[in-house]
Structures are given as C-alpha cells and as structure tokens.
Amino acid sequence: GNSRGDLTAATKFTISPNGSCTGATCTATATGPHTVTGKDGKITGTAALAVSPPAQADLAAAETVSSASPDFDTSVTFTTTITNTSTTTKSAGVTATVAAPSGLISPTITAGTGSYANGTWTIGSLAPGANATLTITGLAGDVADGTQTVTATATATTSDPNLANNT
C-alpha cells in the first residue's frame, strides 16, 4: 500500500490566499504568509510559508562639472557617479548611457569601474552602498558647437523601485 508520506496522482494541492498549483508545484502570486494544503483521500497536510518580495536595489545618478562656465579652450571635467543606495541588495547588470558633450574638444572618457564604449558605460554589479565613477575630460568648446552638459541614465537587471533618481 501507500504510506503516509507518498504522493499519488490523486493528491491535490492548493495555496492560499493567493496563487495556484499545478501538480505538486504551487506558485504564490502575492507576497506575505501563505498556506499550502495537500489532500489525498482522507489525509490532509499543510505547510506554512512566507513569500518575500523580490530583491530590490535603488540606483541613483549624479553629475558634477569642474566649472559651470569654463572659458573657451580651458580644461573641464564632467563626473558621473552611479550609486546603489540600497543597504541590503546588490544591483546586477548595471549600465548607464552617458554621452560626451558635443561641444567638448578632444574628450577623454575614463571609467573607474567597468568599461565605456559608444555612449554606454557597462558597470556590472554594485554592492549595497557602493558607487562607480565615470569622468569625461576635455577642452571647453564654443557654446555654438553644442550644449556642454552631461546626463546619465542608469539601468540594472535587479529590480529598482525608484526610477526617478536614475537620471
């Protein structure tokens, strides 16, 4: 016969308060406490579980410039810093789009972490509280050559609940 711990094709599972079961696999559709119940004939078993929200990090982008009004043909440095403001969750797959100002003469772009190519800064992972810095240095051009500002937009594969500070 069938001992108490065995599953049979007749064993039916449910999950409450939110979710569904297919065979012996149950999936919760909301965070919080849940109960999984298995019933086979007159035998019923339950298990309590807590479903946690997915890990979330919070990237923040900040830009600074060495001189807001540099003289023509003088050195100017734009610094972009991407910070993972989470105190608990690593941010993975971090990238940022950062373009050199069009009016900057002979720009040099240096990624303190990761690599930079064609406007994309690939950072990788940022531990909780960690940051990465990108510098763009060059000579100030004529204002007629274009705006000399830098804007960065950071993204990651880790969930980020606050996208407003990513730019």
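Predicted model: local features only at pLDDT ≥ 70, side-chain atom pairs only at ≥ 80, totals over all residues.
Local features need pLDDT of at least 70, side-chain atom pairs count only at pLDDT 80 or more, and totals for chains, interfaces and linings use all residues. Residues are numbered from 1 along each chain as its sequence is written, and side-chain values use heavy atoms, with hydrogens and water left out.

User: Is the peptide bond from Ser-16 to Pro-17 cis or trans?
Analyst: Most peptide bonds are trans. Pro-17 sits in the loop between β1 (12-16) and β2 (19-22); strands are DSSP runs of E, at least two residues, numbered from the N terminus. With omega near 15°, the bond from Ser-16 to Pro-17 is cis.

User: Does Asp-73 count as buried, partly exposed or exposed?
Analyst: Asp-73 belongs to the loop between β6 (59-65) and β7 (75-84), and its phi is positive, near 70°. Buried means under 20% relative accessible area, exposed over 50%, partly exposed in between (1.4 Å probe, protein chains only). Because its relative accessibility is 44%, Asp-73 counts as partly exposed.

User: Which residue in β12 is the bridge partner of Thr-108?
Analyst: Strand β9 (residues 105-111) runs antiparallel to β12 (residues 131-139), joined by 5 bridges. The partner of Thr-108 in β12 is Thr-137.

Conventions: Helix = DSSP H or I, 4+ residues; strand = E, 2+ residues; numbered from the N terminus. Pairing = 2+ DSSP bridges.
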